[in-house]
There are 2 protein chains.
Amino acid sequence: MRVDVFPTVVNIPDAAELENRAAVAIDVLRATTTILTALTNGADTVVPVLAPEEAFKVVRDNPERRFVLGGERRSVVIPGFHLGNSPLEYTPSRVEGLPVLFTTTNGTRAIRRAAAAAEVYIASFLNAPAVAKQLIALGKDVAICCAGTHDQFSLEDTACAGAILAYMSGPGSHLELNDMGLVARELYLRYDGRLGDLLHLSEHGQSLAKMGLHEDLLFCAQLGTSTAVPVFREGQVVLPGAKRA
Amino acid sequence: MRVDVFPTVVNIPDAAELENRAAVAIDVLRATTTILTALTNGADTVVPVLAPEEAFKVVRDNPERRFVLGGERRSVVIPGFHLGNSPLEYTPSRVEGLPVLFTTTNGTRAIRRAAAAAEVYIASFLNAPAVAKQLIALGKDVAICCAGTHDQFSLEDTACAGAILAYMSGPGSHLELNDMGLVARELYLRYDGRLGDLLHLSEHGQSLAKMGLHEDLLFCAQLGTSTAVPVFREGQVVLPGAKRA
C-alpha cells in the first residue's frame, strides 16, 4: 500500500495522479479540526467555498434557507460572517441541522485540490486514529494532502499526517512511504504525548497564541477524541451515517 | 538572524521576499554536488541552463570557444552532451579551464529561482560546513532553497539544509527558523555520521542505486570534504578567489 504525504497545497500532484487513490485533507490549525467539530455537533453539511463572495452568493440564491457562514482571513472572522475559524465556536446550539458555508485561507484550497481523488477524508488530530482505520479498511493507495500555511511546510499538518501513518503502521500492514511520509511519521512519534508542545512550537501555533487563542491550540492538539470520519463528496463535507436534517 | 528552509522549487517564495537575503541552492543528488566538484577540479565556470537547447545555442553562437556540456534528464546523459550528472565524471582532465554548460531536472530550476537573492551560494554535503561559516560571516537573513525532486520534498536536500543549520547553530548565533528549518535540523542530527544510510533510504537515492550508481551516493554523502563556496552571479557559478582561465 503506497502512501504519499504532500506538505502544502502547491505540492499536491495533478488530478490524474490522485484519481485512483483515497485522499486525506489536513489543516490542523484550524480548518479541518473545525469542520469535524461542526459536523459532530450536528451541522448538516460543511460546504468549503474558496472565497467569501461565493458564500454570499449561495445565501442570495437560496433566500428560503438558513445557513451558517464561517471561516477566516488572516485568522480573523470575515465581515458579514456568523462565525470564525475556531472549533470552539461551532457549538450544537449554533450549527445543529444547518449547512455551514466555510472558507479559510489554506484548508479550503487543500480540500478542493484533494477532491480529484476517488474518496476524500477530512482529518485532524481529533480523528487521526479513526481516519487511519478507515484507510486500512479501504485498502487503496493514499495521498495525504497537508494544507500547510501559505504554501509553506507546517509542523502541525505534517505531524498529523505522521499520526495517521503511525496508526496505519503495524504487523499487518506494509506501507510504502515517500520521503515526506518517512519524516512525518518520525516527527509525530517524537511528539507523541506532547502535541500541545508541538502546536505551540509551530509558527502558525505561535501566531495564534499571540492572538490569545491558547484554548484553540489545546483543543486542536487532542488526539483520537473522535471516531467520526467526515467525507468530502459532491462539493460538501458530510458525516456518513449521521442522521441528516 | 532569520533562516527559512524551502523544501522544493515550488515552495520558494517570490523574488521580492528574497532580494535582501542570502540564498543557498541545494540539490544533493546530484546537481550541486557535481557543480562544486567541477569547479574544485578546475572548471572555469558552470553555467546553469534550463534546457539542452539553450546549451546547444550557446555553442552555436560561440564557435571559437570550447565548452563542456553536462547534465541529465531522468538521471541519464543528454544526447549530444559530453557528460552526465555524476560528480565522478567531472575530473580535472575533462573540465580544467573550461566553461561547463549544465542542465538538470531539479537543481537548475532551484538555482534560477534562488537567483533573486542578493547572494546565491551553491551547497551540498561536501561544503555544508563551509557554507554555514560563510552565512554566519555575512550575517544576512537566509533562504535555503532545496531543489526537491519533481516538486516533492526530498530527504537528502532537507538533511543538507539541516547540516548547514546545525553548523550555523552555536553559542554565538541566534537562529530564528521556520517550521521546515526545525525539522531539517533534527533530520540532519538524527543521521549525523550516517549520511550514506540517509541517501540510500531516500527515494531519489534508491532510484540511483537501482541504476548502479552506488559510488555516486557515497561520494555525495561526504560531509565537509571541501572548503569551497561556489557563488552564482550574472548567470554563472564561480569559485570566488579561484584563478580564472
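Author: The model is predicted. A crossing is called right-handed if the near helix is turned clockwise from the far one by less than a right angle, and left-handed if anticlockwise. Helix 6 of chain A passes helix 7 of chain A in a right-handed crossing.

Reader: What makes helix 6 of chain A and helix 7 of chain A oblique to each other?

Author: Their packing angle is about 55 degrees, and their axes lie 8 Å apart. Angles under 35 degrees count as roughly parallel, and 65 to 115 as roughly perpendicular. The two helices are therefore oblique to each other.

Reader: Which residues make the contact, and on which side?

Author: Helix 6 of chain A contributes A:A128, A:P129, A:V131, A:A132, A:L135 and A:I136, while helix 7 of chain A contributes A:C160, A:A163, A:I164, A:Y167 and A:M168. These contact residues comprise 11 nonpolar, no polar and no charged.

Reader: Which residues of helix 6 of chain A are called buried?

Author: A residue is buried if 20 or more other C-beta atoms lie within 10 Å of its own. In helix 6 of chain A, A:A128, A:A130, A:V131, A:A132, A:Q134 and A:L135 are buried. The buried residues of this helix pack against strand 2, strand 7, strand 8 and helix 7 of chain A.

Technical notes:
Residues numbered from 1 in each chain as written. Chains lettered and ligands numbered in written order. Predicted model: local features only at pLDDT ≥ 70, side-chain atom pairs only at ≥ 80, totals over all residues. Buried ≥ 20, exposed ≤ 12 C-beta atoms within 10 Å, placed from the backbone. Helix = DSSP H or I, 4+ residues; strand = E, 2+ residues; numbered from the N terminus. Contact = placed C-beta atoms within 7 Å. Axes fitted to C-alpha atoms, helices over the stretch in contact; angles between N-to-C directions. Parallel < 35°, antiparallel > 145°, perpendicular 65-115°, else oblique. Nonpolar A, V, L, I, M, F, W, Y, C, P; charged D, E, K, R; others polar.
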